[in-house]
Amino acid sequence: MGLDIKITRDTIWMKRPSSWWHDMYREGLVSGNGINGANFYGGSGEQTVLLGRHDLWHGGRKDELPDVHEALAQTRRDMEEGRWTQASWVLSDRLKEKGYESRLEAPLPLADIRVSIRPLGSFSGYRRAVQMDRAEVSSRWTSKETVFRCDGFVSRADDVICLRYRASGPVLDVKLGMDMHVQPGKELPESCRHIVETRESRTDGNRIFYSAADEEGNYYGAVLKVSRTERMQEGKLEEWYGCLRITGAEEIQVLVKTFAKKKSREEGLAEALARLEETAGDYEQLLERHKELHAKLYHSAGFCTDGYVGRCNESLLEEAFDGEQPAELMEKLWKYGRYLFLCGGHPESNPFPLYGLWCGDYEPMWPHNMANENLQMIYWHCFAGNLLPMHHSVFRYYNERLESFRQNAGRLYGCRGIYMTAGTTPGVASPTQVVPVIMNWVGAAGWLAAHYYKYLEYEKEDVRAFTEEIYPFLDETARFYEDFITFYPDGRIKLYPSVSPENTPQNFMPPPDRIVPHPMPTTINSTIDLAIVREFFTHMLLLAERMEKKELPDQGIGGERKKTWKRILDAIPPYAVNGEGAVREWQEALFEDRYDHRHLSHIYPVFPGEEINSVQQPELMGAFRKAVALRRIEAQTGWSMAHMAAIYARFDQGEEAAACLDNMAKACLLPNFFTLHNDYRGMGITMDMDPAPIQLDAAEGYVNAVQEMLLFASGDLLKLLPALPRRLEKGEIHNFRFPDGTLSMAWDAGKGALRAELTMCRKTSLLLSIPARFEGVRSSGTGAELLPGKPQNDFLVYRLVSDGPGSRILLETGAHSGS
């Protein structure tokens, strides 16, 4: 029986097990279907499968939000009279005076499946791997000439966790147990004592039943069932001190079904057991059903590089740590970020969380959905990466909380519409981080609105999404800004309080010996807030035009509202530049720029916004480049380096973009490719925090940064290979999306060879930019043509026009490379 692990381009594999003591889940290999997650860690003798669910959270508190809207007038009076620090705290202090103490939830680990495999002797040839194209986790080793192998996946077809243990002879001696999750060496937090008091784990024949109650008295848990297979017939199965023990078998197959939010223990266990009994097929049959669904998503877009060898994670990371990450690692991290996203998110689940579905802490740091950077970063790659439907989880999550957001707007600011606090969890949508840097920032809904609008830019014909998901959120966001925005006497916009997440102007920073988090973030006219407002109302007017043309259902936008939106847009001045030639982070000269910070909020017009680009407004890029160059490296994080890489890609600077990703690989990658918030080893290229929290937004931001190097796509501009670093000079992409179609492309920059095929989904007229090194472009197509344009810097610019859906155009230069 072949028990070796096959290594393909879609495999990540390792030679060592998890090693981070008492937090070994951090280095686990994971699978999931967006609803359930399984984290596999341990070694050849003792293993753990940590189970998690998207809807299982705990520890939050939801107080009634008091009406303190009068604080806004006081905040503005204090700001106008120069009492900046006092003004910063007015709203937060009012809430605290009222005794308001809401707090965010954290993901609740569901259970541990604990596996003990009795060794025959010492081990050799240990390997563990993830087959990303089928979301299967495996490990194998040899002991006294006997090969052992363990496999597992979370079925996308049957929504069960499937496990299999095999040996090259009938020598398996395996104990299986299931109980609450534990971390060796760590005490259970007091907030989780109810789990200890309510949990039950029992065996019954070939099954294990586990359940516990959350703090609201709802039950969650799982049922585990060992299946009799041909290779297990000769083995013995017995209940053994709270576990199931199987001896003398050559193969063991296990199915697990989870549940949550049930009124009673009995209801949850009975439903889970019934579902297991209905699940037909052995491991291979279940895998085949699951693989078909997962592979469609995983292969919805493709990217491969030259020089693939099939090296293990440890080898790739060692090279990255010593200098530059190889192209093979860049390919694998692009694939792995997408893999995590598909396993941890689903259109019908909650949004992908910062720890995915694999959190092994009961009180993790920053596990919430944070919309001042992190949540947006997780979903940026969906557009070019052809995963647009995944956005529906975001739309549903935030739209279901519109009533809470309306309450926030009225009771905190006295405004109509919605005020969306940056941090939320499934059960808490009112403010919880009651500090000025969060409470005084009104940009969260506006920033998120860009995802709503961009989805519609790609899916223009999705009328249902427009009427049911997109416009309701945009309309409420507009109403808030209509009430909140004010103007100077000369007609310029005066947006205040205003925050540049999560920075403080340099002239309001305390001395270095007085460390205060976010000492004075509350200002007037932060650049990001103005950029968000400009982008938002530009989009709203474009939607109004589409409604007038009958391209979208009329939503009753009156002339007065459009006048208000145009007045707001006309009141926003050009972006100001400081004495060092950098775009200002705060547009008012009173606030001095501070470069010792991780956020790059003031670069929003270039990225993630699309207001300024190097083809249509090249003269505006210099001040933004300067602002990024001044940022201090020791203040960065894993996610900020991914963000900075995407910015450099928008600057058409491929080597600088790749260098940011190199720093991320050196500092913030664990051996399993989980990303950390920061380095914890004192290497000087990130901020210092120990222990460094897991934040998988950086893994998703990495995916987006690579895509930004290969493609820039907006409604009227398409740039092919805008920021190609030398190590990616040869490669291919398949089925990348742009608003009006799909793109597949192969290139060899060293030979000046390019082959790109574009297939349109609607009538198109846009600018197409290609690096000048790919000269002599030839085109052919059906229903589409390429018209010459004016060269721009190092790029050739054309006008691409097409007749409508199904039209195609093929572009070739040189002796094109590959298919």
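At what angle do helix 1 and helix 2 pack, and how far apart are their axes? The close-ups below start there. This is a predicted model, so local features are kept at pLDDT of at least 70 and side-chain atom pairs at pLDDT 80 or more, while totals for chains, interfaces and linings use all residues. Residue numbers run from 1 along each chain as its sequence is written, and side-chain values use heavy atoms, leaving out hydrogens and water.

**View 1. Helix 1 packs against helix 2.** The angle between helix 1 (residues 71-80) and helix 2 (residues 84-97) is about 170°, and their axes sit 8 Å apart. Axes here are lines fitted to C-alpha atoms over the stretch in contact, with angles from 0 to 180 degrees between N-to-C directions. Helices (H or I, at least four residues) and strands (E, at least two) are DSSP runs, numbered from the N terminus. On the helix 1 side, the contact (heavy atoms within 4.5 Å) uses Ala71, Gln74, Thr75, Asp78 and Met79. Helix 2 answers with Trp84, Gln86, Ala87, Val90, Leu91 and Arg94. Sorted by class, that is six nonpolar, three polar and two charged residues. Nonpolar covers Ala, Val, Leu, Ile, Met, Phe, Trp, Tyr, Cys and Pro; charged covers Asp, Glu, Lys and Arg; the others, Gly among them, are polar.

**View 2. The largest cavity holds about 180 Å³ of space.** On a 1 Å grid over the protein atoms alone, a cavity is a set of points where a 1.4 Å probe fits but cannot get out; a pocket is an open set with protein on both sides within 12 Å along at least five of seven lines, and lining residues have an atom within 4 Å of a point. Points are joined across faces, edges and corners, and the volume is the space filled by probe spheres set on them. The count is six cavities of 30 Å³ or more. The largest has 18 lining residues, with Phe40, Tyr41, Gln47, Val137 and Ser139 closest to its centre. Strands 3, 4, 8, 9, 10 and 11 each supply at least two lining residues.

**View 3. The second largest cavity holds about 100 Å³.** Its lining has 15 residues, and Gly52, Arg53, Pro107, Gly356 and Leu357 come closest to the centre. Strand 4 gives the most, with four residues. By class, the lining splits into 11 nonpolar, three polar and one charged.

**View 4. The second largest pocket has a volume of about 540 Å³.** Met509, Ile515, Val516, Arg594 and Asp596 are the closest to its centre out of 20 lining residues. That lining has 10 nonpolar, four polar and six charged residues.

**View 5. Phe395 and Tyr452 form a tilted aromatic pair.** Their ring centres are 4.3 Å apart, with 35° between the planes. Rings of Phe, Tyr and Trp (its six-membered ring) pair if their centres lie within 6.5 Å; planes under 30 degrees apart are stacked, over 60 edge-to-face, and the rest tilted. Phe395 belongs to helix 9 and Tyr452 to helix 12, 57 residues apart.

**View 6. A cis peptide bond joins Tyr496 and Pro497.** Omega is about -5°, and Pro497 lies in the loop between strand 23 and strand 24.
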